[in-house]
Amino acid sequence: MTQFDPRALRVLERLKAAGHQAVLVGGCVRDGLLGLAPHDYDAATSALPREILSACREFRCVETGIAHGTVTVLCEGLPVEVTTFRREGTYSDHRHPDQVAFTTSLEEDLKRRDFTINAMAWGPEGLTDLFGGQEDLRTRQVRCVGCPDLRFQEDALRLLRGLRLAAQLDFSLHPDTADAIRRNPPQLSHVAWERISAEFVRLICSPAAGRILLDFPEATVQVIPELGPCVGFDQRNPHHRYDVYTHSVRALEAVSPIPALRLAALLHDVGKPPSFSLDGQGVGHFYGHPKVSARLAEDALLRLRLDNHTRERVLLLVARHDLPVEPTRQWVGRWLSRLGEEAFFQLMELKAADGLACGTPADGREQAGKEAEALARQVLGERPCLTLKELVINGRDAMAAGLKGPDIGQVLRALLEQVAEGTLPNERSVLLQRLEQLAKAKKD
Ligand code: ATP
Ligand code: MG
């Protein structure tokens, strides 16, 4: 039988010793039954919030959401979220139940949960599985508790949660649940962007994200409407086997599961439909599309309320994804310096994925990318000078040479570029001499 953390069981025992019902519920039961290590513990109890505090007073308790009946009990460092059994009322705003009603019925508490595999309860006395959760785990499917349309109309975030769960566990969606997921994405307009964003990022970083995004474009397009024109968009180009959306999802599958990289892959060609042109031979081209993609991606990322660092990284990768690679020491040094080490390797990874995702034979660009990456690793091993901070001359030297205002930064950056490329050594005498020459040229 499943192994749960004994500290979580101690919390259940405390509650039971005080005369309440108490069970583990939700993701930890699901993961435990799958033989995976639960990453967080949720417990449900008939005890009211005050009674939870009293029964668990030997542990540190944090009143996480007392109005909703949630207390976090810390048992020797393990946080267990303990929530009073709840029955949910009607959802007139599709977002919040009109009232949260506590109940003493475990059955009612399980009925309000989203999916059968998330609606099981476990205690030392055994498993409570009222909706066929175990069977759905066996057949590896995500199925709503109750009528899928109604459940998604109550809270449309559930449809993204369902897709995320399927992508995370590599499950399928039960046919009725799948149909409702295709019908209900417009209901997401009632859900806060922060909630949508958190689930969507988890979805696209999950192992089976590619399959799910291809099967449920309606949901993706609701979250990122800019992708709408990409779905089914025929590129009319012999280098591209897939439509723009399929190509983008295949690129996403081929990059590491890091939010910035996955988002960049998903959005890198979003500017293709508006940049499309046909030449005399009837071949499709997308001149200048990376810039258009970056502009559209920015709108999408701002709406998704992504943090600035992630947004800026995605935009950089999208805007540069067509940068031609030259596997030379100079090129690698220049771009390592311009982008920074992390962004450089992410760009190389995106470019490799982009090439793979065309679905046509390799054309030599892959090889150039691999060589550039190998060179970059070699360059980094030589402790190169890639930033102004590492340059052995600085602004004071530039001023001493007679440079003023914006010329200082401009000249220093030009010198840094040559040092990074390996065409100039990072040596004071050499750089001071070059500085004199450049300052003189400025004056003339
Ligand atoms: P994970 O922790 O891996 O994200 P989880 O299933 O534990 O998965 P939580 O967000 O921690 O997800 O939610 C805990 C439980 O609460 C779920 O298993 C489910 O039973 C219930 N739940 C969460 N969100 C909803 C929702 N929007 N509608 C109905 N039930 C929900
Ligand atoms: Mg959880």
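This is a predicted model: local features need pLDDT of at least 70, side-chain atom pairs count only at pLDDT 80 or more; totals for chains, interfaces and linings use all residues.
1. Shell composition. Ligand 1 is surrounded by 16 residues, and the closest are Arg30, His39, Asp155, Arg158 and Arg202. Sorted by class, this shell holds 11 charged and 5 polar residues and no nonpolar ones.

2. Polar contacts. The side chain of Arg158 places an N or O atom 2.7 Å from a nitrogen atom of ligand 1. Backbone atoms also take part: an N or O atom of the Asn118 backbone is 3.0 Å from an oxygen atom of ligand 1. For Gly27, a polar backbone atom and an oxygen atom of ligand 1 are 3.3 Å apart.

3. Burial. On its own, ligand 1 exposes 590 Å², of which the protein buries 82%. The space that ligand 1 takes is the largest pocket.

4. Contributing elements. Helix H2 (27-33) and helix H7 (157-169) are the elements that give two or more residues to the shell around ligand 1. Of the elements, H7 gives the most, with 4 residues.

5. Domains at the site. Which domains each supply at least three residues to the shell around ligand 1? They are domain 1 (1-136) and domain 2 (140-223).

6. Overall division. The domain assignment of the protein also gives domain 3 (243-384) and domain 4 (392-443), besides domain 1 and domain 2. Between the centres of domain 2 and domain 4, taken over C-alpha atoms, the separation is 55 Å.

Note on methods:
Residues are numbered from 1 along each chain as its sequence is written. Chains are lettered from A and ligands numbered from 1 in the order in which they are written. Side-chain values use heavy atoms; hydrogens and water are left out. A residue is near a molecule or strand if one of its heavy atoms lies within 4 Å of it. A polar contact is a pair of N or O atoms within 3.5 Å; within protein, one must be able to donate a hydrogen and the other to accept it, and residues adjacent in sequence count only if both atoms are side-chain atoms. Accessible areas come from the Shrake-Rupley method with a 1.4 Å probe; for residues, only the protein chains shown count as cover. On a 1 Å grid over the protein atoms alone, a cavity is a set of points where a 1.4 Å probe fits but cannot get out, and a pocket is an open set with protein on both sides within 12 Å along at least five of seven lines; lining residues have an atom within 4 Å of a point. A molecule sits in a cavity or pocket if more than half of its atoms lie within 2 Å of its grid points. Ala, Val, Leu, Ile, Met, Phe, Trp, Tyr, Cys and Pro count as nonpolar, Asp, Glu, Lys and Arg as charged, and the others, Gly among them, as polar. Domain bounds come from an automatic or database domain assignment.
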